[in-house]
Amino acid sequence: MTSQELRKKYIEFFVSKGHKEIPSAPLVPENDPTTLFTSSGMQPLVPYLLGRAHPAGKRLVNSQPCFRAEDIEEVGDNRHTTFFEMLGNWSLGDYFKKEQLPWIWEFLTKELGLAKEKLYVSVFEGNNDVPKDTETYEIWKSLGLPEDHIYFYGADKNWWSRSGSPDKMPAGEIGGPDSEIFYEFTQVEHDAKYGAKCRPNCDCGRFLEIGNSVFIQYLKRSDGKLKELPENNVDFGGGLERLTATTNNNPDIFGTDLYKPIVEKICEGLGTSYEKNKQYIQVIADHIKASVFLMKDGVVPNNKLQGYVLRRLLRRVATKAFLIDKQKSDSKFFRSLIKSVIDIYSERFEEINTANIEEEVSLEIRKFRATLERGLQQLDKSIKDNENLGLAVFNLFQSYGYPLELTIELLKERGIKFTDFDMGQFEEGRKSHVELSRTASAGMFKGGLADHSEVVTKYHTATHLLHAALRQILGSHVEQKGSNLTVERLRFDFSQPEKLKEEQLKQVEDLVNEKIKENLPVSSEIIDKEEALKSGALAFFGDKYGDKVTVYTIGHPERSEGSHFSREICGGPHVKNTSELGKFTITKEESAGAGVRRIYATLS
Ligand SMILES: [Zn+2]
Ligand SMILES: [Zn+2]
């Protein structure tokens, strides 16, 4: 089965069960500065799982592109990638276990035709806080799964909440048991280094996790006890790449049509074979695809946040290609890879600026090459001066992102051998570096929206006021081109041909502050998209909306022209009244590309 057929079948199957297909979110979350990337289908839906009404209703389905930066080092086997597409279905206080499990079982065994004897599941075994999930166990048994295909695991494997196991959940947090589904590739021999016996969740590659149903049925009370939620939610996620691999009964996802054309281009361009350079090719194929998707969603390589991760991906692509063949890994080669990615996703990439991405990637890789050259000169100097080689290599790694394997290769060329002492020195330096960046990114990933929700909600709402003020002062040619929030400021990009004058900036700032002082109510309603547009609601993201949308109005919520200050289709978090915002100050105005200006502003 092709991946396209599979994606289509999945969506159609759940639509036939009363679900509405919702558009996917961008890879960079719009209103959550505490998370760099969208890493699951559930992430953009958290506000709705917490109780906000979703404009598309209570049964949702989609396919969400996801990126997991924390998995970069895992790539280089048959199943790990940083980028993947997650097929998801959700119940927002609607159906629960007895509907979800039979449906997903029907989809896997009937629609995809997977052999029942190859499927295994895991169920939550219970702990001091929560009883064993016998309901899920009984449902799986009633569907025909034999007892020895059902495994019980603890909270470390079969519990979901944003903060981890039940004891780690803060008051007010929701969570619940989950049930994972595994496919067994009987042709893969178990590797004894992962334990005496193979079982689902074994890391040898014989079992592949292909889906997970999360049953969000508990709320942590302030007394530390978990109580059952009045309404139950379901979140299912399954990787498209992995599901496609199971329908081909091939444990290597790089053999699916989602990777094969890229793998072929790599082999052709570098004059090698997949078997000969498997790990390097897996890294190149995953990272170049992830890079294209990130750039499509507006990330550019630089030294900050998302840009830094993209830069790292591209450098790893360049390094691995360089290691396979220095001469052949030229910009023509990288262009051919980008094209192969875009061909695979031609349906999703209708309006993508291919030339721009090719340009950026070529430039970045050229710069990296120059850096490599400079690093080499420095290394030659260290060797001449008889400095500690291990430290010299570590310094290259730290200051230039110079990969160890590449250094070893080039030293080899210079007839130099590393001693164990050198390697020890390097390892020590590298470990502390990895530890450091892990701590930094853990700080970035933990917490989620909740920690900073209040200030983010204010900044997001202020963005609506700024947008409306700009249109009033400069004219209706002003359209939102982008928005980015941190806990310290908002950033807003908009169409505008020339730089704003001092007095215009002052007028905009004054108008926003005037509206804050007017104590305007912020209200929302869910209506048809057509009706929303007719009523003057602004919408600037093409057709990423569904048929039903949420409209936020600042000012009198009546639907006639002039009765309100701002009216926008939006999915972000908002305050209830503008009086909550405080004082609005524009701190900077600059260009953000041709015909686009950028404003930074703070609230105090
Ligand atoms: Zn195993
Ligand atoms: Zn909004």
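Predicted model: local features only at pLDDT ≥ 70, side-chain atom pairs only at ≥ 80, totals over all residues.
Two strands count as paired when DSSP finds at least two bridges between them. With that in hand, look at β15 and β16 (residues 596-603), which run antiparallel and are joined by 7 bridges.

- β15 and β16 belong to an open sheet of 4 strands, and the order to follow is β10-β11-β16-β15, with antiparallel pairing.
- Which strands stand at the edges? They are β10 (480-485) and β15 (584-591), and each has a single partner strand, so one side of each is left without a neighbour in the sheet.
- Going from one strand to the next, the twist averages 20 degrees.
- Now find helix α15 (residues 453-474), which lies across β10, β11 (490-495), β15 and β16. Its direction is at about 25 degrees to β11.

**Strand β8 and its two partners**

- Is β8 (residues 207-220) mostly covered or mostly open? It's mostly covered, with 12 of its 14 residues buried.
- One partner of β8 is β7 (residues 174-184), and these two pair in the antiparallel sense over 9 bridges. Here D178 stands opposite V214 in β8.
- Another partner is β9 (residues 226-239), which runs antiparallel to β8 and is joined to it by 8 bridges. In this pairing, L219 stands opposite K227 in β9.
- β8 and β9 also form a hairpin, with 5 residues between them. Check out G224 in the turn, which has a positive phi of about 90 degrees.
- As background, strands of a sheet pair through backbone hydrogen bonds, either parallel or antiparallel.

**Helices α7 and α10**

- Helix α7 (residues 260-270) packs with helix α10 (residues 331-344) at an angle of about 165 degrees, and their axes are 9 Å apart.
- On the α7 side, the contact is made by P261, I262, K265, I266 and G269. The α10 side brings F333, S336, L337, S340, V341, D343 and I344.
- Sorted by class, the contact of α7 with α10 has 7 nonpolar, 3 polar and 2 charged residues.

Key
Residues numbered from 1 in each chain as written. Chains lettered and ligands numbered in written order. Buried ≥ 20, exposed ≤ 12 C-beta atoms within 10 Å, placed from the backbone. Axes fitted to C-alpha atoms, helices over the stretch in contact; angles between N-to-C directions. Contact = placed C-beta atoms within 7 Å. Nonpolar A, V, L, I, M, F, W, Y, C, P; charged D, E, K, R; others polar.
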